[in-house]
Amino acid sequence: MRFFRILYHWLVPHEGNNHRAKALHHDALFAYVLLLCVFNLGIRYFHGKAPDVLGYAIDIRVEQLLAATNAQREAAGLPPLKLDNTLSAAAAAKASDMFAHNYWAHNSPLGKTPWDFIISSGYQYTLAGENLAKNFQTSDGVVSAWMNSPTHKANIVKSGYKDVGFAIVNGVLNGEETTLVVQMFGATNAAPVAQIPKAQAAAPAPVASPEVALEEPITVVPAEPAAINDEPKSEPAIALLPSFMSNTAFERVVASPKVNIPGLTNTMAIIVVGVLIGLLAVDAFVVSKHRVVRLTGHNMAHILFLGTIIVSGLMISRGSLI
């Protein structure tokens, strides 16, 4: 019986708790926030100890990215892009460079542009572009996010592109476990490097300005292709990597933990906020029924606010683009 009295005191407003359920007092709300903080810290700790048990469910594959990209082009009335090994190697080099130098940008802190990686891979472009994504869970999620961004969509449905390359790499970026997806576009009219006579080295073909999916327009001056320079300015970036096509680490990232962290944290947040909404609804009903006059306590506003938090939490994606 004592248990039910305590429960009544905590959950139902009455004279003994000054017509405000103890579970809605400020000290109780502080305890909920503290509980969520401890929960999130625990999630991080156990994820580091047992990532196979508690981690992020990810299934991103090159073949799925290619199919989804070409489906968008087909819907726009454009021919499909061909998967190009050299562009994929350039994408893999770019992803590895981002992890090695800890940056999330189109240009590296050392001044390397996407076009440096494309040129170093051996692809002689007349047109080139790059899309980047991180921390998405599925291939369709990546392409959908790109299509919802005007600048990234412009790359996917650009009629001038003929080839595409992808790299999917998992690692630690800025202290956070990250799955990078690099998509590089290109078009070329150049002959294979081995077939270019040395006598033509002084007369390179004009190179069109490449394009990057950026939120603000930029002016890019591309370097001359290394294949037609007698003395290239830098060593090929891809020389630091194993053969792309023989190493599936760049072709897919698939993780199936027993407990998916985003799902677990969303569920926990929904439970806590849902309980608060229920308490506010009970509080509003009892106060209205007994015609209790209070100077504070706008339950309906609080319910709407907490409901907005739940909806916003369900809509937020972990992934980001650049």
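**Aromatic pairs and a buried histidine**

Visitor: Are W115 and Y125 buried or exposed?

Guide: Both W115 and Y125 are buried; the term means under 20% relative accessible area, with exposed over 50% and partly exposed in between (1.4 Å probe, protein chains only). The model is predicted, so local features need pLDDT of at least 70 and side-chain atom pairs count only at pLDDT 80 or more, while totals for chains, interfaces and linings use all residues. Residues are numbered from 1 along each chain as its sequence is written, and side-chain values use heavy atoms, leaving out hydrogens and water.

Visitor: How many aromatic pairs are there?

Guide: Rings of Phe, Tyr and Trp (its six-membered ring) pair if their centres lie within 6.5 Å; planes under 30 degrees apart are stacked, over 60 edge-to-face, and the rest tilted. The count is four aromatic pairs. Among them, W115 and Y125 have ring centres 6.5 Å apart and planes at 55 degrees, so this pair is tilted. W115 lies in helix α5 (residues 114-121) and Y125 in the loop between α5 and β4 (127-134), 10 residues apart.

Visitor: Which aromatic pair is stacked?

Guide: Y161 and F185 are stacked, at 5.0 Å centre to centre with 20 degrees between the planes. Y161 is in the loop between α7 (150-156) and β5 (163-173), and F185 is in strand β6 (residues 176-187), 24 residues apart. Y161 has 1% relative accessibility and therefore counts as buried; F185, at 0%, also counts as buried.

Visitor: Where is H152 placed?

Guide: H152 is in helix α7. Its relative accessibility is 1%, so H152 counts as buried.

Methods. Helices (H or I, at least four residues) and strands (E, at least two) are DSSP runs, numbered from the N terminus.
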